[in-house]
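Work through the following exercises with the sequence and the coordinates at hand. Each task is followed by a solution that goes step by step.

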Amino acid sequence: VTITTRQLVSHLSGIRHYEKDITKVKEEKEKANRALKITKSHQDKEEKAKEGKGTENTGCVKQKKEHDSETKSRNSKPGRHDKEFEQEEYYLKEKFESVIESLKIFKNDPLFFKPGDQFLYSTYGFTLLSAVVERASGQKFTDYMLKMFRDLDMLSTVLDDNEAMIYNRARCYIYNKKGRLVNAPYVDNSYKWAGGGFLSSVGDLLKFGNALLYSYQAGQFKSKNGKLLPGYLKPSTVAMMWTPVPKTEVSWDRDGKYAMAWAVVEKNQQCGCCRQQRHYASHTGGAVGASSVLLILPEELDPEAVGPWPVAPPRGVIVTIICNMQSVSLNGTALKIAREFDREKQAQ
């Protein structure tokens, strides 16, 4: 078969994740689909109820829904029920000298489905993608990425190398089987640099988000006297990265679809004075003893109102959270924070 880089970056390659048993993967996907159908059915009933009762109770329904969600989140301890972290390969201690060498972990395993047919989130798909970058660039993948981080002024973003002395590196924690907080076990991430092998800070992730948002919006602003610099990427490239890909899905955001290495929610409002869905891009991160999220909520720009310099990109809200705790759900929190800042900005 042929696997394209676009399929790799959108998790449509058919390459396995940490679970080697395709039967278990199918069972989990079926459970998730059933849960999604139930959720959507519940949402439809709520919408019909709102239409029948008018708009007075809309806020009450929303508050109750958020309260129930927050209560459930408070009452569940992170890491206790995340089956993904039960996989042995999460805890590999072998050191790989190159990304090409790390392909041996999965290169002889069968594909779970024909490339392009189904969505399956795969860290190993990104390991293969890093090998593509290495061969195409003619540089070690890690060297290539560190140069890019330097270009973006992300000077605190480094390889999660256990042997290196890294200033201000945080200690990571997990809950054990008894529900007690303990230190995260030792792992070597050299087998998955691209899919979870870098350390960063909230400041650096904000710089990364700003660079992407600037690139995305730069083409919409008029540059006076050539003062507006080009983005790190072309606007069309970021737009392509943030365009949902057919047949994909997102487990952590029910409104979203997967794009190219990003989960994306598209702008949508079906009726006047009803729920308005803003366009935003996000991605969560999970590792042994750590959780993270980066969410970018672009400002809705009116092409006619966009003036010349000094009114310039990036325009919007960027939220990033890094937590040295395993299996903490952060996307919903990041979205609430982004909406609060966005609402405050619109009110000014």
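## Exercise 1: backbone exceptions

Locate P314 and describe the peptide bond that joins P313 and P314, then examine the phi values of N168 and K247.

Solution. P314 lies in the loop between β8 and β9. The model is a predicted one, and in it the peptide bond between P313 and P314 is cis, with omega at about 0°. Turning to phi, N168 has a value near 65°, which is positive although the residue is not glycine, and K247 likewise has a positive phi, near 75°, in a residue other than glycine. These cases stand out because most residues other than glycine have a negative phi, and most peptide bonds are trans. As to location, N168 belongs to the loop between β1 (158–159) and β2 (173–175), while K247 belongs to the loop between α9 (235–241) and β5. The last step is exposure, for which the relative accessible area must be over 50%: N168 is exposed at 65%, and K247 is exposed at 53%.

## Exercise 2: the open sheet and its helices

In what order do the strands of the open sheet of 5 strands run, and which strands are its edges?

Solution. Begin with the order, which is β5-β6-β7-β8-β9 with antiparallel pairing. The edge strands, each of which pairs on one side only, are β5 (257–258) and β9 (316–323). Within the sheet, strand β7 (residues 280–287) and strand β8 (residues 290–298) run antiparallel and are joined by 7 bridges; in this region H283 stands opposite L294 in β8. Next come the helices: α8 (residues 202–217) packs on the sheet, where it touches β8 and β9, and its direction makes about 150° with that of β9. Helix α10 (residues 331–347) lies across β7, β8 and β9, and it runs at about 150° to β9.

## Exercise 3: aromatic pairs

Classify the ring pair Y18 and Y124 and the ring pair Y90 and Y91, and state the accessibility of each residue concerned.

Solution. The search of the whole structure finds 11 aromatic pairs. For Y18 and Y124 the ring centres are 5.6 Å apart and the planes are at 65°, so the pair is edge-to-face, the class that requires an angle over 60 degrees. This pair links distant parts of the chain, since Y18 sits in the loop between α1 (5–9) and α2 (22–53) whereas Y124 sits in helix α5, 106 residues apart. Y18 counts as buried at 3% relative accessibility, and Y124 counts as buried at 1%. The pair of Y90 and Y91 is tilted, with 6.3 Å from centre to centre and 50° between the planes. Y90 counts as buried at 3% relative accessibility, whereas Y91, at 23%, counts as partly exposed. Finally, ring pairs link Y18, Y90, Y91, F106, Y124 and Y191 into a cluster.

## Exercise 4: the chain as a whole

How many helices and strands does the chain have, and what share of its residues counts as buried?

Solution. The secondary structure comes to 10 helices and 9 strands, and 35% of the 348 residues count as buried. The accessible surface of the chain comes to about 21100 Å², of which 52% belongs to carbon and sulfur atoms.

How values were computed
Residues are numbered from 1 along each chain as its sequence is written. This is a predicted model: local features need pLDDT of at least 70, side-chain atom pairs count only at pLDDT 80 or more; totals for chains, interfaces and linings use all residues. Side-chain values use heavy atoms; hydrogens and water are left out. Helices (H or I, at least four residues) and strands (E, at least two) are DSSP runs, numbered from the N terminus. Buried means under 20% relative accessible area, exposed over 50%, partly exposed in between (1.4 Å probe, protein chains only). Accessible areas come from the Shrake-Rupley method with a 1.4 Å probe; for residues, only the protein chains shown count as cover. Rings of Phe, Tyr and Trp (its six-membered ring) pair if their centres lie within 6.5 Å; planes under 30 degrees apart count as stacked, over 60 as edge-to-face and the rest as tilted. Two strands pair if DSSP finds at least two bridges between them. Contact means heavy atoms within 4.5 Å. Axes are lines fitted to C-alpha atoms, for helices over the stretch in contact, and angles run from 0 to 180 degrees between N-to-C directions.
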